[in-house]
Amino acid sequence: MKKKLLALVCALALTVSLVGCALSTPDTVGKIGDFEVTSGLYLLAQYDAYQQAAQLAGSEQDTSKVKSFLKATITTDADTGETAVVKDYVAQKTLETLQTLAAVDARFTELGGELTEEQKSAADSYAQQLMDNYGDAYTANGIGLETLKLFQQLQYKHTLLLDLVYGKDGETPVEDGELTEHLDSTMYEIGFITVPLYNTSTFAFASDDQKAEMLSLAQKAADSYNANAPEDTSSQLTAFNSIASSALTGICAVLDAEVPSTSTLQTDLLSESDLTDAFTQEGAADTLRGLAYGQAAAIQYSGYALMLAVRLDPLGVSTLDALRSQILSDLKGEELDDALAAYGAQLDNSLSSSAMSKLPAAKIVNATSANSANS
């Protein structure tokens, strides 16, 4: 599975506090290359590293036993069985994150990148939204608004680096033919209508027999569309929407339910990782992978919903230029992240261990879930 770089800010379905009570911290803890690491950014990276360790532990941590957890051993790689002491893992991951952030900043400058005022404003606005929604958690961890603004601007730079490195005029441009081949072979443009497997008024869930009946009715609609599927993408969408929408009343009637307002035609371009993450029911992802352009199928893709889906030619929905950034992210995102990690590790590191030792360590309280996202 591809790495998700810099997914620190959005893992916020958690309530956090500090191991220590006071927040007497230095303004900065040193530099990595020319990048000055603020204490807030350090704490943000540390918080994320601790959270990763807690998730790898596989069980909710007792918040009164943080020190003992830091001494515990966790499995860091399920495939190899590699283990690490939590304290060492957190320290290493914190450093790696900061090195990557420094590399993002350095490479962006080297390649002549410059954030526009509009991009800076958008980053600052999102940082303010995060503070408005999760200010108590951030404040408890010594993370202020300026740290979030800095972080969000670095996120923008990271996104823009894809084009600066691999775009048409980039350092090592990816040819259109390679982009098109990747788009055709490992990405999936779908038109889809989602049907919840529960009554949206009573919230009564479908039984196994009801799920089977709903899926059968949905597949009949897909088969009806497939029997006379048009050739061009626009007509495919129109025909699919007409047939699938007409079938919704009967499908929802299995649960004595009305057709939900959310069951409308949508389109999306999915990657292999999207299929892995979203299509969790056995065989669902493979069914979608097996569709040719213009073919439809009914899929129970999770425990809570089924989907009527038609696979489309992405270049019949949009243009290659419009999709370039999304394709580059899927094709070259991991390669860029690896290069940034290596570059950051090579930068001169003047982080002050004495200053870092004065920073409080974050802990997770009442953890219920984590929602990592690329902003």
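Here is a short chat about a sheet and a helix.

Modeller: This is a predicted model, where local features need pLDDT of at least 70 and side-chain atom pairs count only at pLDDT 80 or more, while totals for chains, interfaces and linings use all residues. Residues are numbered from 1 along each chain as its sequence is written, and side-chain values use heavy atoms, with hydrogens and water left out.

Colleague: Which strands stand at the edges of the open sheet of 4 strands?

Modeller: Strands here are DSSP E runs of at least two residues, and helices are H or I runs of at least four, numbered from the N terminus. Two strands pair if DSSP finds at least two bridges between them. The order is β7-β6-β9-β8, with antiparallel pairing. Each edge strand has a single partner, so one side of it lacks a neighbour in the sheet: these are β7 (266–271) and β8 (296–300).

Colleague: How many residues of β9 are buried?

Modeller: Buried means under 20% relative accessible area, with exposed over 50% and partly exposed in between (1.4 Å probe, protein chains only). One side has A305, M307, A309 and R311, the other L306, L308, V310 and L312, all buried. So, by that cut-off, the count for β9 is 8 of 8.

Colleague: And how many of the 19 residues of α1 are buried?

Modeller: Helix α1 covers residues 39–57, and G58 follows it with a positive phi near 80 degrees. α1 is largely enclosed by the rest of the structure, because its buried residues number 15 of the 19.

Technical notes: The expected span of a helix is 1.5 Å times one less than its number of residues.
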